[in-house]
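Thanks for making the time this morning.

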Amino acid sequence: MDELLKDDIIINEAMHNAYLIVTAKLTFEDLLDRDLNYLPYNPSKNIIKEDVYDTLIDYFCDIEEYEKCEEIKNAKDEKFSKQDVV
């Protein structure tokens, strides 16, 4: 398999997995049971920073999956607006 194609498959799978996690459609534990369990961030810290959401939105906008962009934006707004409330 061409290395560039392999890299594209891994990137796509990592972004899709992260999308599923940030939108609560998949847990990290369930991800471990998948054959391709790549992520575009380090899961060992168990923290998903705001820039991960932005990266996902940019990625899915680039491939014109706008419904996913909206879901990720909503998940981001929900997660980070809660942190502002004191």
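Does Tyr53 count as buried or exposed, and at what relative accessibility? Tyr53 counts as buried, because its relative accessibility is 3%, where buried means under 20% relative accessible area, exposed means over 50%, and partly exposed is what lies in between, with a 1.4 Å probe and protein chains only.

Before going further, please keep in mind that this is a predicted model, in which local features need pLDDT of at least 70 and side-chain atom pairs count only at pLDDT 80 or more, whereas totals for chains, interfaces and linings use all residues. Residues are numbered from 1 along each chain as its sequence is written, and side-chain values use heavy atoms, with hydrogens and water left out.

On the overall layout, the protein has four helices and zero strands, the helices (H or I) being DSSP runs of at least four residues and the strands (E) of at least two, numbered from the N terminus. The C-alpha atoms fill a box of roughly 50 × 30 × 20 Å along the principal axes, and buried residues make up 31% of the 86 residues. Of the contacts with a separation of 6 or more, 49% are between residues 24 or more positions apart, a contact being heavy atoms within 4.5 Å.

Now to helix 3, residues 50-62, whose 13 residues should span 18 Å at 1.5 Å a residue, which agrees with the 19 Å between its end C-alpha atoms; the expected span is 1.5 Å times one less than the number of residues. Its buried residues are Val52, Tyr53, Leu56, Ile57, Tyr59 and Phe60. Seen down the axis of helix 3, these buried residues fall within an arc of 165°, so they line one face of the helix, the arc being that of the directions from the helix axis to the C-beta atoms. After helix 3 comes Glu64, which has a positive phi, near 60°.

Turning to the rings, a search of the whole structure finds three aromatic pairs, where rings of Phe, Tyr and Trp (its six-membered ring) pair if their centres lie within 6.5 Å, and planes under 30 degrees apart count as stacked, over 60 as edge-to-face and the rest as tilted. Tyr53 and Phe80 form an edge-to-face pair, at 5.5 Å centre to centre and with 85° between the planes. Since Tyr53 lies in helix 3 and Phe80 in helix 4 (residues 66-84), the pair ties together parts that are 27 residues apart in sequence. Phe80 is buried, with a relative accessible area of 13%, and the charged end of Lys79 sits over its ring, 5.9 Å from the centre; the criterion is NZ of Lys or CZ of Arg within 6 Å of the ring centre and within 35 degrees of the ring normal. Tyr19, Tyr59 and Phe60 form one aromatic cluster, and Lys68 lies over the face of Tyr19, at 5.0 Å from the ring centre.

Finally, the cysteines: how many disulfides does a search of the whole structure find? The search finds zero disulfides, a disulfide being a pair of cysteine sulfur atoms within 2.5 Å. Cys61 is in no disulfide, and the nearest cysteine sulfur, that of Cys69, is 3.1 Å away. Cys61 counts as partly exposed at 30% relative accessibility, whereas Cys69 counts as buried at 6%.
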